[in-house]
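Subject: Structure for your review

Dear colleague,

Please find below the structure that I am handing over to you.

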Amino acid sequence: MSSTRWVIFRRTLLVLLIGGGMALAARKARQPPPPVEPPPPVEAAVPALPTAAPLFPGTLPVSAQALPDGLASLSAQACNACHGELHDRWQDSAHAQAWSSPTFRTALERVGETTGCTGCHLPLANQHARLAAGYIEGDLARPDLRPNPAWEPTLMSEGVSCAACHVRDGKVLTTRTEGQAPHPLATSAELGSSEHCASCHQLTWPGADKPLYDTYGEWSRSAYAQAGVGCVDCHMPARAGSATGTRFAAVPDHGFPADPARALSILVRTDAVEVTRGQPFVATITLQNTGAGHDLPTGSPFIGWRGVSTLRDADGKSLVAPGLLDLARDVSDAPPWTTLADSRLVAGSERSFEHRFTADQKLKAGRGSLVVAVYRVSPAERLDARWNPDKAGAPILVQRIPLSIL
């Protein structure tokens, strides 16, 4: 190659190299810069709610409670607008009827106007027309009652109402650790505990051999307590519904369900599916506590359960004398209510009885049923030889076994 051509080739190559580099730099310059990851958002700290003092630090009723700012009154009616579904469930509960219940009123007449009973059925001092200034000769059954200037008749009619558990020291108590409301809030770990329930569902009369009310004690000795299954797990299960006023999809059920059908099982055994008139027939009835973490029945010793086995025709008419089994606790007629006998079902236990009968040969053949029903009975009813299940009102649980009458 001549020197002139060599010079031209070198110049051309240099131009191409420089031009290519400039084009590559231009392309890089036109590309957008890599995206910059934004810093993670800083979560605003939720201020902790104040912690409530113990709900029932001493004897019941607790001292008169101040109205929290933002509430119109301590009545459950004031909670109804925002917590309507909870209010409606509570309104149909035994807690709402704690003072007005005919069963309670009858029991109260039996034991006198003792604060041992009224303190739990009306837990706030605001609910009492008269309060005990002391006890005559130290007898809890003889309180020295004085007029109460803080009495609110509406609150008295509501029994164990919202304020009874949820209002203390001018604040509304909650088990949640966060939240906002148009009234002051405070968190209470005790509110959702079994120990909180023990405040009223555990009562020992001075000088008694056993607690008069021992529901908490019965539970604490059961396998349920050992497994960590508490009172609220069964009696305040989470219930889905309107979140108005709570902003949560599910809230504890304030109807406090206590369905005997979920606690008691009735098993029937027979050797035949026919009842032959004039021939003996034997049925073995077993009652089992399969769903309660306490005795069945529990609570007041003045209410028991009676299992009744009867043979009935297709129209429901009783054809033979019934078989009976009582689940009850007998106590003395006066304080300290000493336990005389106890035939109830502790958690996980069972009791059986045999119902032996012979159907009259004059009966009409046809279809029938062996009906086992459980009724609530008072001590007086259990002692009444004329007690008739057909006049005892509605049973709390029924099991029917179809049989043919031959």
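The notes below set out what was found in this model, from the overall fold to single residues.

The model is a predicted one, in which local features need pLDDT of at least 70, side-chain atom pairs count only at pLDDT 80 or more, and totals for chains, interfaces and linings use all residues. Residues are numbered from 1 along each chain as its sequence is written, and side-chain values use heavy atoms, with hydrogens and water left out.

Overall composition

The protein holds 11 helices and 19 strands; helices (H or I, at least four residues) and strands (E, at least two) are DSSP runs, numbered from the N terminus. Of its 406 residues, 36% count as buried. Here buried means under 20% relative accessible area, exposed means over 50%, and partly exposed lies in between, with a 1.4 Å probe and protein chains only. Among contacts between residues at least 6 apart in sequence, 66% join residues at least 24 apart, where contact means heavy atoms within 4.5 Å.

In helix α2 (residues 84-91), the buried residues are Gly84, Leu86, His87 and Trp90. Seen down the axis of α2, these residues fall within an arc of 160°, so they line one face of the helix; the arc is that of the directions from the helix axis to the C-beta atoms. The buried residues of α2 pack against β9 (250-252).

Trp90 is also in contact with Ser161, as is Gln127, leaving aside neighbours of Ser161 within four places in sequence. Ser161 is found in the loop between α5 (153-157) and α6 (162-166), and it is buried, with a relative accessible area of 4%. Ser161 and His121 are 40 residues apart in sequence and 9.8 Å apart in space, C-alpha to C-alpha.

His196, in helix α7 (residues 194-201), is likewise buried, with a relative accessible area of 9%. Not counting residues up to four places away in sequence, His196 touches Leu55, Phe56, Cys165, Glu190 and Leu191.

Strand pairing

Three strands form an open sheet in the order β10-β12-β17, with antiparallel pairing; two strands pair if DSSP finds at least two bridges between them. The edge strands, β10 (264-270) and β17 (350-358), each pair on one side only. Strand β12 (residues 280-289) is joined to β17 by nine bridges, and Ile285 stands opposite Phe353 in β17.

Which part of strand β13 (residues 304-313) is buried? Nine of its 10 residues are, so β13 is largely enclosed by the rest of the structure. β13 pairs with strand β18 (residues 366-377) in the antiparallel sense over 10 bridges, and Leu311 stands opposite Leu370 in β18. Five bridges join β13 to strand β14 (residues 323-327), also antiparallel; Leu327 in β14 is the bridge partner of Trp305.

Cavity, pocket and cis peptide bonds

Both kinds of space are found on a 1 Å grid over the protein atoms alone: a cavity is a set of points where a 1.4 Å probe fits but cannot get out, a pocket is an open set with protein on both sides within 12 Å along at least five of seven lines, and lining residues have an atom within 4 Å of a point. Grid points are joined across faces, edges and corners, and a volume is the space filled by probe spheres set on the points.

The structure holds one cavity of 30 Å³ or more. Residues lining the largest cavity include Pro297, Arg329 and Arg344. Pro297 lies in the loop between β12 and β13, and a cis peptide bond with omega of about -10° joins Leu296 to Pro297.

The second largest pocket has about 250 Å³ of space. Of the 14 residues that line this pocket, the closest to its centre are Thr59, Leu60, Thr115, Gly116 and Leu203. Helix α4 (115-121) gives the most to its lining, with four residues. The peptide bond from Leu60 to Pro61 is cis, with omega near 0°.

Positive phi values

Asp169 has a positive phi of about 55° although it is not a glycine; at 60% relative accessibility, Asp169 counts as exposed. Trp337, also not a glycine, has phi near 60°, but at 3% relative accessibility Trp337 counts as buried.

With kind regards
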